[in-house]
Amino acid sequence: MTTATDDASRAAAAEIPSLGEATRVWLKIGLLSFGGPAGQIALMHKELVEERRWIGERRFLHALNYCMLLPGPEAQQLAIYVGWLLHRTAGGLIAGLLFILPGALVMLGLSLLYVLYRSVPVVDALFFGVKAAVLAVVIEAGLRISRRALKNRAMVAIAVAAFLALFLFKLPFPLVILCAGLTGWLGSLYAPALFEAGGHAGKGGAPEFKGVVDLMFERGELEHAKPSSGRALRTLALWLPLWLGPVALLWLLAGGGNVFTQIGSFFSAMAVVTFGGAYAVLAYVAQAAVEGYGWLVAGEMVDGLGLAETTPGPLILVLQFVGFLAAWRVPGGLDPLLAGSLGALLTLWVTFAPCFLWIFLGAPYVEALRGNRVLSASLTAITAAVVGVIMNLALWFGLHVLFGTVKPVGFGPLAPDLPVFSTLDWRAALLAAGAMLAMLRFKQGMMTVLAGCALAGIALRLVG
């Protein structure tokens, strides 16, 4: 028996938004999507579930769980998923592009300002303060994820093993993620109780209702959401060349040693292994970009993360900054600023194009993944490993922020980076301690801490 409230909710949800109306909503979300994936997902939940009722609570959470299985920024993929459900491929493209374009444009502008004015003393002092705040932000992110992921001793052991593999043995990040996934697979067979996913459910008391998408399913209006091998092959035939075609063309025209070829190849590989979000993959990107390719120095990597924290859109936009500096430093025959802009654009393309592929290809089969014990266990183990990865990133950042000199020290198979303690910068240590106290003890927001540390950095440099 339905009540008047049920009927009213159903009637309100029955009206399918036009593509123009949806576009305006996706633009609003793209402009306001600060605060990392947690804040972005909360914003989408408020706009799409609570206020407009375009999608019901359960289907929203089911879509989020699927996106958590994928490499890449889960918040952007969630936007693509809902946009695709509502308005097919056009809706998914609009939702995904508007989620990243505002932040990408801001990040490009900040990258240009960075290379033009970084040497100005007051700007240098500002970034000095931002680096200390970034260290606190990364530590807070690791602690937040650990509270969700480390539910038992098995998960703690996986996190510790991931940290040691990266810090002591310098094993590649993709190998660490692969081993964690295999551990979860074995755990699902021999100790399934230890590898049960915590899930991403909302509040238990949230009222249940049917949104626009749910009613469209009931009326049989979502033909594009049904699995089809023909559609899957067409999706692969379109999106694989779109994603990797520019990289293959660069190989043919410029060769493997060209900086643009290196950018395209490296970040295409990153797009496949970026499980756990930006913080998880940054340790590997930093190691490769700083120590492997020499595209930038450690301090600049921290600066880039600080810039990305201040922009809307996914935090993985920091990779755009890396691509910009890589091409700016080795422009070939191009103007350095033009080369940097092209490097940033190429990085954006190979990083985010596969996000559309994962959704358009896999979303019709998402129901088959629902409740899959093996996949759930693998994701649980990967999430635990991500805690260790983020803590390694925090240590890497901390060493380069607090100490003037950091050297690799070899002990047989071990090769940790250790600081020269005489090069400790007391001002950086003071700022980092203050930032961590503000975030962890007084629960200050990220933007507040970034701004406060930037001003404090200027003041301390003036004193120095």
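The questions and answers below go through some features of this predicted model.

User: Is tyrosine 190 buried or exposed?

Analyst: Tyrosine 190 lies in helix α8 and is also one of the residues that make the nonpolar surface patch. A residue counts as exposed when its relative accessible area is over 50%. Because its relative accessibility is 69%, tyrosine 190 is exposed.

User: How far apart are the end C-alpha atoms of helix α17, and what span should its 30 residues have?

Analyst: Helix α17 covers residues 373-402, and 23 of its 30 residues are buried. At 1.5 Å a residue, the helix should span 44 Å, and this agrees with the separation of its end C-alpha atoms, which is 44 Å.

User: Is glutamate 47 buried or exposed, and which residues does it contact beyond its neighbours within four places in sequence?

Analyst: Glutamate 47 sits in helix α3, which runs over residues 36-51. Since its relative accessibility is 2%, and buried means under 20%, glutamate 47 counts as buried. Leaving aside neighbours within four places in sequence, glutamate 47 is in contact with Lys28, Ile29 and Arg52.

User: What distance separates the C-alpha atoms of alanine 459 and glutamate 15?

Analyst: Alanine 459 belongs to helix α19 and is partly exposed, with a relative accessible area of 39%. Alanine 459 and glutamate 15 are 444 residues apart along the chain, and their C-alpha atoms are separated by 56 Å.

Conventions:
Residues are numbered from 1 along each chain as its sequence is written. This is a predicted model: local features need pLDDT of at least 70, side-chain atom pairs count only at pLDDT 80 or more; totals for chains, interfaces and linings use all residues. Side-chain values use heavy atoms; hydrogens and water are left out. Patches are made of residues with over 30% relative accessible area and no salt bridge: like charges are joined within 9 Å, nonpolar side chains (Val, Leu, Ile, Met, Phe, Trp, Tyr) within 5 Å. Accessible areas come from the Shrake-Rupley method with a 1.4 Å probe; for residues, only the protein chains shown count as cover. A salt bridge is a side-chain nitrogen of Lys or Arg within 4 Å of a carboxyl oxygen of Asp or Glu. Helices (H or I, at least four residues) and strands (E, at least two) are DSSP runs, numbered from the N terminus. Buried means under 20% relative accessible area, exposed over 50%, partly exposed in between (1.4 Å probe, protein chains only). The expected span of a helix is 1.5 Å times one less than its number of residues. Contact means heavy atoms within 4.5 Å.
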